[in-house]
Amino acid sequence: MLSAFSGFSGPTRVAAAALVTGLVAAGLLTGAGAAAADGTSQHQGGATATIGGLKTYGEAVIHENGGDQRVSAGLFEMSVEGGGTLQTYCVDLRNPTQKDAKYQETPWSQTSLGTNKNAGRIRWILQNSYPQVNDLAALAGRAGVRGLTEQDAAAGTQVAIWRWSDGAHVDAVDPQAEKLADYLEKSARSMAEPAASLTLDPPAVSGRPGGLLGPVTVHTNARSVTVTPPADAAITGVRIVDKAGKPVTSAADGSRLFFDVPEDAADGAAQLTVQASTSVPVGRAFTSDSRSQTQILAGSSESTVSATASAGWAAKGAIPALSAAKNCAKGALDITGANTGDKPFTFSLMETEYTIPVGATRTVTVPLQEDQAYDFTITGPNGFQQRFTGVLDCHTQPAATGNAVQTLSEPSPASVGGTTTDTNLAATGGSAITPLIAGVAIGLVVIGGGVLVVLRRRES
């Protein structure tokens, strides 16, 4: 849930008039993300990685709609930005995996796991099966099978997860893998969601120059994090300090950071970044704005994680700080605003006007359709402007509206040592109506672009 400010300038107004410049639904024709590159996503910090495909897997059969479909089932591998490798299983069987899609560590509440009462059982399976349990003989003994290969262990684990994550009627093809899946499904007990590898709370603060803006609290499982000050700190004089005003270059879990803004600083904004190297906790969810299927972490090397927080300041008037988070329980986007100025902050969103009193914080819940790409720009006093983009992806079943385009890529081998022409649903999310959906997606992209052009002309 990162926030970015474009800066403050010009005369202060008593109340801010905000304009929603777009709420655009767009389809995906390739692995590219639906959200605009310059928008503010809702990444709350942690690891960012690129998916590389299935690495250790076997074969499974989905029994659905009166027929059977063979798919590959097992472990995916991701490459972490900055260094590191992740192993993941899928918790989103019926959606596609986009090639080379970028993923972000994400709270369960912003995925289908947030509304799944059995999500905690999935974490138990991850903790008690391959690769966390890499003694395959011991795992086979617990499951009551004669023996397990790595491929059997990965396939059986994935099948058990799909039964709890997607409610799927699915079986592993290999008898040993199927027995492992049955054991894991029946033995699973609920466990709590693991904490994030690294986040900053809150992700946005605001206030007047000449004081400390914050605090921003560090939450991490790393021993320490490196604190990077604003890029233009040498020019603006803004420093990152502790409560006593001492400059901070490193911090730990629970540390409280502040933006120290000079009293004579012009109205503006700044951003700090924290980074660390740590193992991401097993059970953390990973999502992509390119509508690539949601993953859940099964194993992590020492990996680079990061988080960002922003601050805005002004001498007088309303001084807003905005952040956003997907709310899967309500099928919506929550936009939270705080006002530390001396005037109320008033803005319009979805044809409704909202006011944040002086010193108050309010959350606006914006309902969205499943698989819908959104693009909001909110403007405020003194040139304040902030944009939020992303895709609401809260269900394992694609939306019936066709907004979620499922693409077919070359099928992967269904089992080690051989190939198959069967659709690899777990890796591609193939669908018989793909051509129709793709056509609808093209139309939505064209229409969405036209809407943005019209709105921007009206703004100017």
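Predicted model: local features only at pLDDT ≥ 70, side-chain atom pairs only at ≥ 80, totals over all residues.
Reader: How many Å apart are the sulfur atoms of C328 and C394?
Author: A disulfide calls for cysteine sulfur atoms within 2.5 Å. By this rule the count is one disulfide. For C328 and C394 the sulfur atoms are apart by 2.1 Å.

Reader: Is C328 buried or exposed?
Author: The cut-off for buried is under 20% relative accessible area. C394 is buried. C328 is likewise buried.

Reader: Why does C90 count as buried?
Author: Buried means under 20% relative accessible area. C90 falls under that cut-off, because its relative accessible area is 0%.

Reader: How many of the residues of helix 3 are buried?
Author: Helix 3 covers residues 150-165. The helix is mostly covered. Of its 16 residues, the buried ones number 14.

Reader: What does helix 3 reach from its first C-alpha to its last?
Author: Helix 3 has 16 residues. At 1.5 Å a residue, the expected reach is 22 Å. The model comes close to that, with 22 Å.

Reader: Which residue with a positive phi follows helix 3?
Author: Helix 3 ends at residue 165. The phi in question is near 65°. The residue is G167.

Reader: What share of the residues in the protein is buried?
Author: The protein has 460 residues. Its secondary structure comes to seven helices and 23 strands. Its accessible surface is about 18,800 Å², with 50% belonging to carbon and sulfur atoms. Buried residues make up 55%.

Reader: What share of the contacts with a separation of 6 or more comes from residues 24 or more positions apart?
Author: The count takes in contacts in the protein with a separation of 6 or more. Residues 24 or more positions apart account for 73%.

Reader: What is the mean pLDDT, and where is the pLDDT below 50?
Author: The mean is 81, and 77% of the residues reach 70 or more. Over residues 401-426 the pLDDT is below 50, with 82 contacts beyond near neighbours in sequence. Where pLDDT is low, coordinates should not be read in detail.

Key. Residues numbered from 1 in each chain as written. Heavy atoms only, no water. pLDDT = per-residue confidence, 0-100. Contact = heavy atoms within 4.5 Å. Helix = DSSP H or I, 4+ residues; strand = E, 2+ residues; numbered from the N terminus. Buried < 20%, exposed > 50% of the residue type's maximum accessible area, 1.4 Å probe, protein only. Areas by Shrake-Rupley, 256 points an atom, 1.4 Å probe, with all protein chains shown as cover. Expected span 1.5 Å × (residues − 1).
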